[in-house]
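Subject: Structure handover

Hello,

I am passing this structure on to you. Please open it and keep it beside this email as you read.

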Amino acid sequence: MIVRISSSSASVNSVPNGLTALTGGTALWASYKYSQGTQIFRDGEAPKYIYQIREGAVRSYKLLSDGRRQIGAFYLPGDILGVEAESLHRFTAEAIIDTTVWIARRHGLFEGLAEHDLADATTIFELLHNSLEHAQNHLLLLGRQEAHERVAWFLLEMDWRLKKPTAIVLPMSRTDIADYLGLSIETVSRSLSVFRDRGVISFNGQREIILKDRTKLAQVALSQSGGGRPA
């Protein structure tokens, strides 16, 4: 079920070119806002819409049989979600903070793609490739045995996806990070404290982190298996 918090009509000129290319220009894109904690779609539902994050952040997660929560992905501004390879959503998606998205019905997905020029096809590929790359790198991250490596990789991933800001302002909580990394919140906090004590990072409140030495952080993240780019 889609919970509509607020919506506004969008002119063709205001919708990003990549989105109009994705639906062949036949779908009506609209801007929707979901308040913090609002469910966007649910595990097991038939996909009806595709989304691109304009502002805010979304987490996708699955509740495991033992009651634990596994976060599959964090979606940040520019990311696409709702494109499924199967007939049902495999994860539940929820707004981490107040979030605004571009949204359109899926029936127009790839419609008229054969008629698009090469630039449109390239744009679509880039949009979908980014989502695939995030998923592949999450698998690499979970394959790392050391907790410090996972936390370091996560920080580099956020740094890269947020375009290497002066300070990383994380929209997600440490509980979210722990569920994403397959660790306990205590382990995540301990690793962050170790990085701070080593002068690799510093804190400005609970969710703002300054990367003081990206080289050392990368050495920790890649200390076991190497390869791959945090994305």
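This is a predicted model: local features need pLDDT of at least 70, side-chain atom pairs count only at pLDDT 80 or more; totals for chains, interfaces and linings use all residues.

Now the pairings. Strand 3 joins strand 8 over two bridges, in the antiparallel sense. There, Gln-39 has Glu-94 of strand 8 as its bridge partner. Strand 8 also pairs with strand 5, antiparallel, over four bridges. Here Glu-94 is the bridge partner of Arg-59. Six bridges then connect strand 5 (residues 58-63) to strand 6, again antiparallel. Arg-59 stands opposite Phe-74 of strand 6.

What about strand 8: which of its faces are covered? Both are. In a regular strand, side chains alternate between the two faces of the sheet. In strand 8 (residues 92-95), Thr-92 and Glu-94 are buried on one side, and Ala-93 and Ala-95 are buried on the other.

The rings

How many aromatic pairs are there? The count is five. One of them is Phe-41 with Tyr-51: the ring centres are 5.8 Å apart and the planes are at 35°, so the pair is tilted. Phe-41 belongs to strand 3 and Tyr-51 to strand 4 (residues 49-55), so this pair ties together parts 10 residues apart in sequence. Phe-41 is buried, at 5% relative accessible area. Tyr-51 is buried too, at 2% relative accessibility.

Another pair is Phe-154 with Tyr-180. This one is edge-to-face, with 5.9 Å centre to centre and 65° between the planes. It links distant parts of the chain: Phe-154 is in helix 3 (residues 147-161) and Tyr-180 is in helix 4, 26 residues apart. Phe-154 and Tyr-180 are both buried.

Ring pairs also join Phe-41, Tyr-49 and Tyr-51 into a cluster.

Charges over rings

Two arginines are worth a look. Arg-54 lies over the face of Trp-102, 4.2 Å from the ring centre. Arg-69 lies over the face of Tyr-61, at 6.0 Å from the ring centre.

Best wishes

Notes:
Residues are numbered from 1 along each chain as its sequence is written. Side-chain values use heavy atoms; hydrogens and water are left out. Two strands pair if DSSP finds at least two bridges between them. Buried means under 20% relative accessible area, exposed over 50%, partly exposed in between (1.4 Å probe, protein chains only). Rings of Phe, Tyr and Trp (its six-membered ring) pair if their centres lie within 6.5 Å; planes under 30 degrees apart count as stacked, over 60 as edge-to-face and the rest as tilted. A charge sits over a ring if NZ of Lys or CZ of Arg is within 6 Å of the ring centre and within 35 degrees of the ring normal.
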